[in-house]
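Colleague: Before we use this model for anything further, could you take me through how its parts pack together, one question at a time?

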Amino acid sequence: MRATRFPLSTSREIPADAEIISHQLMLRAGLIARLGAGLYTWLPLGLRVLRNVERVVREEMDRSGALEVLMPAIQPAELWQESRRWEQYGPELLRIKDRQAREFCFGPTHEEVITDLVRREIHSYRQLPVTYYQIQTKFRDEIRPRFGVMRAREFLMKDAYSFHLDQTSLDATYEAMREAYSSIFRRLQLDFRAVRADSGAIGGSVSEEYHVLADSGEDAIAACERCDYAANIELARSRPAMPRDEPPRVAREQATPGIQTVIEQAQLLGLALDQIVKSIVVLADGKPAVFFLAGDDELNLSKARLALGAFEVRLAEPEEAHAATGVPRGFIGPRGLPEGLLLRVDERAAAIANFSSGSNRQDWHWIDLNWGRDVALPERVDVRTVRPGEGCPSCEGSLQIRRGIEVGHIFQLGTKYSESMSAAVLDENGNSVPLIMGCYGIGVSRVVAAAIEQNHDERGIIWPAPLAPFQVAIVSINAHRVEAVQSEAKRLHEALSAAGLEPLWDDREARPGVKFADMELIGIPHRIVVSERGLAGGTVEYRGRTEPSSRDLPRERVVELLCDLRRESEARPG
């Protein structure tokens with residue numbers, strides 16, 4: 001491809017509304033153009049990258065045995081009403097009406113549509129298991145679209161859905177998808193981790209996210225330095241705390257006038273924060289509950305929701321906590337709370353001996369309380385947020401907290417959709433049984449932005465070779481004035497194209513510095529400079545995108561050497 005026939009829409013200016021580096025570079029490099037809030041046109045350069053992601057995703061999905069389909073983006077409201085998500089999904093669901101006033105939505109996901117398809121097409125256990133996938137545009141009406149394609153309203157997604165007669169079959173497909181996803185991100189040469197995660201609004205029991213690691217990532221991930229344990233901070237566990245080996249002391253009350261926080265409590269009583277059991281009142285689907293945690297721990301609301309089996313859990317406002325317990329803020333404790341109030345204690349707090357807590361009356365706290373002796377031990381749960389350096393729950397290693405960008409998510413859905421939508425088959429005994437489902441998604445357009453967040457420098461994008469829009473940049477210097485330069489650049493362009501190396505020949509009549517800056521900005525892995533001086537010595541100048549300096553290559557061996565570099569790159573693990 002010649003640059004004079006391929007629009008390079010590069011810019012030196014940093015867009016004022018672009019907050020993160022991928023958004024800035026995608027606009028500056030001319031990968032995308034903004035149409036409206038959260039809406040982007042993929043320009044020719046960016047579309048080449050997007051298609052490279054699609055190609056790898058499609059190859060690995062096909063290899064896994066999944067079958068490609070293409071479902072409508074516009075979905076009838078009746079299907080969402082069947083699954084009871086029409087109202088539950090919330091304002092991100094773009095609801096529309098046709099000229100007959102029938103309600104539809106622009107699909108943010110396709111569980112309902114695929115379940116409707118399967119209940120019409122699959123009737124016998126002999127047709128199972130089956131997995132369908134598509135690569136298609138989705139729309140979610142984000143209240144504040146931001147970060148370019150990272151959080152756009154319209155985006156490209158690969159979503160797959162599997163259907164099974166039993167859990168054993170689902171487990172096998174789920175494992176195959178885990179392997180397929182890992183293969184996808186390895187092939188794209190991205191540094192990633194698969195982490196245990198919360199299923200959220202999609203539903204289901206088992207769930208894992210795939211994160212591209214980057215300092216700018218929105219999600220915190222707890223990952224072991226030694227083994228492969230990794231989990232989203234919302235679900236991460238650390239090695240259980242051991243009970244303190246100290247004799248129980250005599251419990252007593254202590255006046256603590258006017259204190260509001262555990263820090264004030266610790267300072268007044270001369271205690272460390274981990275000697276305090278604090279009380280946190282929440283509303284779980286509107287009903288009050290109290291969690292007891294160590295004073296230096298933070299309540300994890302996602303874990304709290306799972307521990308209570310609730311759809312939504314939020315912190316109670318001070319007046320709501322007072323109404324539920326009859327106690328002012330700062331003085332709530334486990335001893336003497338109203339009967340019938342739901343109580344849970346975090347595992348770490350349950351291991352504390354001789355602890356201090358509120359007395360359930362204003363301006364007083366207990367000191368040297370002990371579970372079992374002075375107050376009944378509530379049901380133990382894990383609801384705290386782990387901290388860096390804590391022990392791994394799977395080995396003797398320590399946890400590190402890293403940042404990640406979610407690019408994929410796999411779920412075991414169970415019968416959530418098949419039961420509500422009456423999707424069943426006849427088993428070998430002729431009995432009708434609901435289908436068991438799995439769901440597997442990759443944000444294809446998001447992968448592009450995540451790759452840039454992980455791979456860039458002050459000069460621009462550094463594409464991993466499988467993602468690059470072109471593999472080689474040929475920069476000809478003064479080719480419009482020097483016939484030998486023009487002829488050699490053309491020869492190289494044809495030879496590299498024949499070798500499958502996808503070159504971009506920058507044949508523009510522009511200054512060398514402008515050409516070099518553009519090729520670095522758009523991130524092409526290899527650059528060849530053809531100049532009159534080099535040709536006089538029988539060489540061309542080569543520089544890899546991440547190399548600090550250039551080197552001369554014999555002109556007759558350029559194609560051979562670049563093919564070798566490509567093979568090395570393809571063999572490099574992600």
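Colleague: Which strands do the buried residues of H6 pack against?
Modeller: This is a predicted model, and in it the buried residues of helix H6, which spans residues 262-269, are Val262, Gln265, Ala266 and Leu269. They lie on the same side of H6, because the arc they cover around the axis is only 95 degrees. The strands that this side packs against are E13 (252-255), E14 (277-284), E18 and E19 (364-369).

Colleague: Which residue just after H6 takes a positive phi, and of about how many degrees?
Modeller: Helix H6 covers residues 262-269. The residue that comes just after H6 has a positive phi of about 70 degrees, and that residue is Gly270.

Colleague: Is Ser356 buried or exposed, and at what relative accessibility?
Modeller: Ser356 sits in strand E18, residues 355-358, and E18 is one of the strands against which the buried residues of H6 pack. Leaving aside residues up to four places away in sequence, Ser356 touches Gln265, Leu269, Leu271, Gln275, Ile276, Val277, His365, Trp366 and Ile367. Buried means under 20% relative accessible area, so Ser356 counts as buried, at a relative accessibility of 1%.

Colleague: At roughly what angle do the axes of H1 and H11 cross, and which residues make the contact?
Modeller: The axes of helix H1 (residues 21-28) and helix H11 (residues 444-454) come within 8 Å and cross at roughly 105 degrees. Angles of 65 to 115 degrees count as roughly perpendicular, so H1 is roughly perpendicular to H11. By class, the contact of H1 with H11 has 6 nonpolar, 1 polar and 1 charged residues. The residues that make the contact are Ile21, Ser22, Leu25 and Met26 of H1 and Val448, Ala449, Ile452 and Glu453 of H11.

Colleague: What is the relative accessible area of Arg384?
Modeller: Arg384 is placed in the loop between strand E20 (379-381) and strand E21 (399-414). Not counting residues up to four places away in sequence, Arg384 touches Ala236, Ser238, Leu293, Asp297, Glu298, Asn300, Lys303, Asp346, Arg348 and Glu390. Arg384 is buried, and its relative accessible area is 5%.

Colleague: For the protein chain, what percentage of contacts between residues at least 6 apart in sequence join residues at least 24 apart?
Modeller: The protein chain has 15 helices and 31 strands, and of its 574 residues 54% count as buried. Among contacts between residues at least 6 apart in sequence, the share that joins residues at least 24 apart is 70%.

Technical notes
Residues are numbered from 1 along each chain as its sequence is written. This is a predicted model: local features need pLDDT of at least 70, side-chain atom pairs count only at pLDDT 80 or more; totals for chains, interfaces and linings use all residues. Side-chain values use heavy atoms; hydrogens and water are left out. Axes are lines fitted to C-alpha atoms, for helices over the stretch in contact, and angles run from 0 to 180 degrees between N-to-C directions. Helices (H or I, at least four residues) and strands (E, at least two) are DSSP runs, numbered from the N terminus. Angles under 35 degrees count as roughly parallel, over 145 as roughly antiparallel, 65 to 115 as roughly perpendicular and the rest as oblique. Contact means heavy atoms within 4.5 Å. Ala, Val, Leu, Ile, Met, Phe, Trp, Tyr, Cys and Pro count as nonpolar, Asp, Glu, Lys and Arg as charged, and the others, Gly among them, as polar. Buried means under 20% relative accessible area, exposed over 50%, partly exposed in between (1.4 Å probe, protein chains only). The arc is that of the directions from the helix axis to the C-beta atoms.
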